[in-house]
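Please read the sequence and the model side by side.

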Amino acid sequence: MTPMTGLSVRSARSAPPPARHAATPPRRWRRVTPWLYLAVPLIMLVTFTYVPVVSMISYSFTDWDGVSPDRSYVGLDNYVQLFTRPELFSVFATSLFYLVASFAQIALALYFAAVLSFGTRLRGFFKGVIFFPYLLNGVAVAFVFLYLFQPGGTLDQVLRLVGVDAEILWLGNPDLANVSLSGVSVWRFMGLNFVLFLGAIQSVPSELHEAAMLDGASRPQIMWHIIIPSIRPIISLSVILGVAGALSVFEIPYIMTGGSGETKTFVIQTVKLAFQFNKTGLASAAAVVLLVVILLITWVQRRLVPEERTPST
Amino acid sequence: MSARLPMAALKYLSLVAAAAVVLLPLLTMFGTSFKTPEEMAAGDVLALPASWFNLENYRIAFANGNMLAAFGNTAFILLFSITGTILIGSMSAYAIDRFAFRAKKLVLALFLVATLVPGVTTQVATFEVIDAFGLFDTRWGPILLFMGTDIVAIYIFLQFIRNIPVSLDEAARMDGAGSFTIYRRVILPLLKPAIATVVIIKGITVYNEFYIPFLYMPSEELGVISTSLFRFKGPFGAHWEVISAGAVLVILPTLVIFLALQRFVYNGFTAGATK
């Protein structure tokens with residue numbers, strides 16, 4: 001379909017233009033041409049992003065169940081429920097685990113990026129190993145860790161080797177489950193932060209740290225006083241992405257624990273409300289809240305960290 | 001020099017620890033996939049399998065776990081969504097960078113704002129759209145969703161297209177080429193590095209996507225690798241040796257691609273994330 005549109009442009013342009021416009025055919029066509037290339041992308045963008053957002057907002061003011069033809073307007077009732085019913089509100093507590101985990105993740109990524117940007121043996125190997133989990137299929141990762149966390153499973157047995165003899169319910173204990181799950185999240189996503197930091201550190205001019213080295217600065221000092229300040233933009237971008245990510249956690253807990261009890265995240269709750277309990281209205285309100293929060297976070301980021309790269313056009 | 005030594009030891013210790021944390025869960029899974037049910041019953045998780053050539057679990061994964069069909073469906077979806085993403089992304093970038101038109105700022109803003117909308121949450125309403133087109137429980141629903149909103153790809157193409165000198169377009173135009181010929185013969189071939197980047201990022205993302213196929217293709221015969229592996233949980237619930245084989249099957253292609261194309265993979269994901 002798309003190439004056809006393009007082809008018609010070509011034949012139209014190369015065909016002899018009507019006599020009247022003979023002098024200025026390119027200009028006339030140049031006004032229409034970009035739209036022929038943009039038509040399909042824009043139609044898809046509107047159909048699959050903007051139409052859903054608008055209809056989601058409109059559902060959020062109704063009590064629609066997602067199937068029946070009739071729905072009635074309930075005003076802000078769904079939003080009031082979200083923030084007043086404790087069982088709906090409690091999912092934000094789960095996000096806190098992932099929020100803390102994402103800070104730990106950034107710190108670890110920074111440490112390993114620093115270590116590997118100075119000369120290290122087997123650098124390529126360690127870089128690859130640390131990054132690799134980021135590429136893995138989420139379902140496979142979830143199964144790998146379900147197996148690892150089993151009572152008497154790999155983790156318990158490894159702990160026994162180092163002298164800790166206890167069968168710990170890594171996922172069964174409600175106080176521990178979110179810690180284990182956010183640990184999996186760090187395992188899975190740290191690699192991306194790490195590679196981003198590594199790239200940023202390498203673009204810091206080497207004269208800077210060589211000069212500091214000559215002045216007798218130690219590596220941790222160089223890291224703290226020279227490197228971290230020069231890669232600030234990418235660190236703050238990671239923090240923002242971490243905050244947004246902590247709110248949108250879905251896959252790992254959904255597959256590993258079914259998102260039951262304490263491990264239910266905001267997105268799991270939204271999805272369950274919509275597709276299991278047919279509360280489309282309430283689910284839409286929840287989705288709108290998340291959307292607004294993420295837009296706010298991004299706005300704050302844009303204010304705090306002015307873009308240093310050339311902005312797009 | 002003497003103060004350096006313990007520092008270096010600590011550094012390597014932490015690296016080895018990190019490598020162990022990454023590899024141990026994966027390697028135990030790999031070892032488990034070669035074990036027999038009897039070995040599993042013995043309960044020693046860390047023991048190596050008796051034979052590394054026991055492929056029985058892989059046979060079960062293919063025969064009863066639907067993995068062959070799953071790879072077929074994944075390949076089908078990958079082919080169409082990657083091709084579509086490249087065409088849509090490069091054409092949008094071409095139009096935005098090479099033409100002056102009035103609503104350009106608005107178009108850019110539409111694309112930009114869309115990046116901020118978290119995909120999982122809008123599914124409540126996206127579902128209605130896909131259903132209205134009659135695409136629920138077909139492979140075209142996910143394909144359209146993967147193609148339709150890849151703004152990262154558009155940005156990658158935009159960055160590359162800016163570095164292609166406009167004089168090349170003009171030279172082609174002098175020779176009588178129309179805008180589509182310029183796109184097809186001048187721009188697209190020069191976009192090869194960007195296309196490679198998009199193929200890798202998009203390929204890995206689509207290959208790993210769980211939620212969209214899970215929601216839009218509930219039929220078992222339409223299972224992609226994520227959803228088919230997810231279904232292992234029921235029938236093979238206690239058979240970790242079979243589940244392990246399934247997980248290894250899913251991870252293996254990723255490992256091969258990563259080892260073969262390391263440099264492109266790193267560059268692709270850094271370009272994609274910081275766009």
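Leu122(A) lies in the loop between α5 (91–117) and α6 (123–131) of chain A; helices here are DSSP runs of H or I of at least four residues, strands are runs of E of at least two, and both are numbered from the N terminus. The model is a predicted one, in which local features need pLDDT of at least 70 and side-chain atom pairs count only at pLDDT 80 or more, while totals for chains, interfaces and linings use all residues. Residues are numbered from 1 along each chain as its sequence is written, and chains are lettered from A and ligands numbered from 1 in the order in which they are written.

Leu122(A) has a positive phi of about 60°, although it is not a glycine. Leu122(A) has 14 other C-beta atoms within 10 Å, so it is partly exposed. On this scale a residue is buried with 20 or more other C-beta atoms within 10 Å of its own, exposed with 12 or fewer, and partly exposed in between, the C-beta atoms being placed from the backbone. Asn278(A) also has a positive phi, near 50°, and is not a glycine. Asn278(A) sits in the loop between α14 (266–275) and α15 (280–304) of chain A, and is partly exposed with 15 other C-beta atoms within 10 Å.

Chain A as a whole contains 15 helices and zero strands. Of its 313 residues, 41% count as buried.

Helix α9 (residues 174–202) has 29 residues and reaches 42 Å from its first C-alpha to its last, close to the 42 Å expected, where the expected span is 1.5 Å times one less than the number of residues. α9(A) bends by about 40° at Phe189(A), the bend being the angle between axes fitted to the seven residues ending there and the seven starting there. Of the 29 residues in α9(A), 22 are buried. Helix α7 (residues 138–149) of chain A has 12 residues and spans 16 Å, close to the 16 Å expected. In α7(A), 12 of 12 residues are buried, among them Phe143(A) and Val144(A).

Beyond its neighbours within four places in sequence, Val144(A) is in contact with Pro25(B), Leu26(B), Met29(B) and Ala247(B). Overall, 70 residues of chain B are in contact with 71 residues of chain A. Helix α14 (residues 240–274) of chain B supplies the largest share of chain B's side, 13 residues. Ile243(B) is in this helix and counts as buried, with 26 C-beta neighbours inside 10 Å. Not counting residues up to four places away in sequence, Ile243(B) touches Phe143(A), Phe232(B) and Phe236(B).

Methods
Two residues are in contact if their C-beta atoms, placed from the backbone, lie within 7 Å.
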